[in-house]
Amino acid sequence: MNAEILKANDLKKVAPVFGQLSFDEHEQVVFCNDKDTGLKAIIGIHDTTLGPALGGTRMWNYATEWEALNDVLRLSRGMTFKSAVTGLNLGGGKAVIIGDAKTQKTPELMRKFGEFVESLGGRYITAEDVGMDTADMDTVREVTKHVTGISEHLGGSGNPSPITGYGVYMGMKAAAKFKYGTDSLEGKKVLIQGIGHVGETVLKHVTDEGGKVIIADINQERLEQVRDQYGAVIYSGDDLYTADVDIYAPCALGATINDDTIHKLKADIIAGAANNQLADETIHGRMLQEKGIVYAPDFLINAGGIINVYAELEGYDKPEIMRKTENIYHTTLEILNSAKANQITTHQSALKVAQDRIEKRKAENKK
Ligand code: NAD
């Protein structure tokens, strides 16, 4: 065996959890196993200073357990900052179920998972994520009340995507205000990569305002359907990262801003829904800043979904959800201005607001 691999494997044995790359002082990591249903899950609770750790459950066929562990550590940390920067009284958590959602998900497995959530007594509240849908959350609800994103007829808040899309649109307008001095998107060329649930809502708002939307997706049928419905233009070049547009909205997958793409980008603004858009937060955040590209931090502008499920806990209504989501505009503008004033990246600026809020609460709790 290659000596380097052996060394890496030995290291994993020495520090299986606290030594992982994505470990960041997480409060609790729970490994859940059930032989009868085949459940293998990990729940990550990153920080509960501001409130119970809320975050979705992802079911994914991870190649290794290390991948699953790193994913839950990374995603739960992200939730801490998303809720904190949005001003919600929630901590950060996330769960992963190891397996194929299409073939291995059963009601028994979901109920067993719900029992593990219940055993944490409300420190962790779950919701849907990749590989999950509202019906799965309804099944989890049979055994625990610590679940959000359940069906509207059961008192849930329903599909979060239109709210997420509206928040992204608000963040995009704030970035336009910062860059151009006006938040009008009229006549602006906006490239939306990934025309799924959220992408479509963003497209609708931008089109309604007179923006020119260019769409890209791996699903050709979907592209044609959306083009016909909204009159958008399908991207036809060889490399969409070179597209001559004003705004690039990543709404498909993460890490699209990386060493390969960053040099090609011509957009003035990046504002989209995908999580973890910067392959490396520090390096690529700084490179965007140097190129004069305004980056609206993803975890800030895609918070509409969490605002929506938070309503289930706090009992506020749709107008209040929309008001809170609309506020993403002001928060984004503040964060962009503060980044400029302090000569830090916009990502760092958003992170600082979140961290300051957590530290302030910690200090208050000590009093
Ligand atoms: P979705 O699955 O409905 O849509 C994703 C779309 O991206 C699909 O149409 C898919 O075909 C397309 N796609 C996949 N790979 C692609 C590629 N390589 N190039 C171009 N297109 C590709 O997902 P969604 O709910 O619209 O979410 C979009 C993104 O926003 C995801 O990254 C998600 O994690 C993030 N997000 C969503 C929410 C929410 O409320 N739905 C909240 C926060 C963050």
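User: What makes the pair K112 and E115 a salt bridge?

Analyst: In this predicted model, the N to O distance between the side chains of K112 and E115 is 3.0 Å. The rule asks for a side-chain nitrogen of Lys or Arg within 4 Å of a carboxyl oxygen of Asp or Glu, so the pair K112 and E115 qualifies as a salt bridge. Both residues belong to helix α3, where being 3 residues apart separates them by about one helical turn.

User: Why is E115 called partly exposed?

Analyst: The relative accessible area of E115 is 39%. Buried means under 20% and exposed means over 50%, so E115 falls in between and is partly exposed.

User: Why does D136 count as buried, and with which residue does it form a salt bridge?

Analyst: D136 has a relative accessible area of 9%; the limit for buried is under 20%, so D136 is buried. Its salt-bridge partner is K105, with the closest N and O atoms 2.7 Å apart. K105 lies in the loop between β5 and α3 while D136 is in helix α4, so the pair ties together parts that are 31 residues apart in sequence.

User: How do you know that S157 makes a polar contact with the side chain of E312?

Analyst: The side chains of S157 and E312 come to 2.6 Å in this contact.

Terms used. Residues are numbered from 1 along each chain as its sequence is written. This is a predicted model: local features need pLDDT of at least 70, side-chain atom pairs count only at pLDDT 80 or more; totals for chains, interfaces and linings use all residues. Side-chain values use heavy atoms; hydrogens and water are left out. A polar contact is a pair of N or O atoms within 3.5 Å; within protein, one must be able to donate a hydrogen and the other to accept it, and residues adjacent in sequence count only if both atoms are side-chain atoms. Helices (H or I, at least four residues) and strands (E, at least two) are DSSP runs, numbered from the N terminus. Buried means under 20% relative accessible area, exposed over 50%, partly exposed in between (1.4 Å probe, protein chains only).
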